[in-house]
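Visitor: Please take me through one part of this protein in close detail. I would like to look at a pocket, and then at what surrounds it.

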Amino acid sequence: MYLSLSTIAVSLVGRAVIDKFIALGGGPDLLASWAQLQSVMDLVSGAAVAGVAPGLSVLVAQSAARDSHRNLLLTGIALGLGLGLPVLMLIVFFQVLPWNSSAHPWFKGWLLPPEWAVAAIAGWLSIGMSMLNAYMIGARRQRAIFGLAAFMAAAGIGIAALAWLRNVIVAVLGFHAAA
């Protein structure tokens, strides 16, 4: 119980400190941009994280054979990435579209900022980490979950601190994509 609360607290504190670095580095406009990019990441990963991840946790918890756990994890990752791929491709399509001179004028209002494509890729890549976390929940590995949350919070804070006065948004998006 205490380890679960500690995991939640570490994750929330890590996220709050990253938000603080972004706010101090660029003010309210940059913080609003970060919130928008976070929404893009959630849009890409949302269906997988809300649908496949809980199912993966239940299947792993109910599976008696530890040999099948790896297959369940790989299947969950593949399903999750497959669910997020159409949204990722749509965002990248509208990002690349302005470079196409033969695009229909109707599409000109759909131009997206370049950061959206990076955020969409980061959201898509974060599906794998979400599935790993769901797997560990199903396998009842509370210490590993806490360790993962602590590592992600510390690494995210470190990246934000190092990039504080430069391009903190790109640095944090890159961290989300790599993690």
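Guide: The second largest pocket has a volume of about 160 Å³. This is a predicted model, so treat it as a prediction. The lining is made by L3, S4, T7, I8, S11, I137, Q142 and I145. Two elements, α1 and α4 (142-162), each give two or more residues to that lining. Helix α1 gives the most, with 5 residues.

Look next at Y2. This residue lies in helix α1, which covers residues 2-62. Y2 is exposed, because its relative accessible area is 70% and exposed means over 50%.

Step back to the whole chain. The protein has 5 helices and 0 strands. Read along the sequence, the pattern is α-α-α-α-α. Of the 179 residues, 32% are buried.

How far does the predictor trust its model? The average pLDDT of the protein is 80, and 84% of the residues score at least 70. Confidence is highest in helix α2 (residues 67-96), at a mean of 86. Confidence is lowest in helix α5 (residues 168-178), at a mean of 68.

Key. Residues numbered from 1 in each chain as written. Predicted model: local features only at pLDDT ≥ 70, side-chain atom pairs only at ≥ 80, totals over all residues. Heavy atoms only, no water. pLDDT = per-residue confidence, 0-100. Helix = DSSP H or I, 4+ residues; strand = E, 2+ residues; numbered from the N terminus. Buried < 20%, exposed > 50% of the residue type's maximum accessible area, 1.4 Å probe, protein only. 1 Å grid on protein atoms, 1.4 Å probe; cavity = no way out; pocket = protein on both sides within 12 Å on 5 of 7 lines; lining within 4 Å. Points joined across faces, edges and corners; volume = space filled by probe spheres on them.
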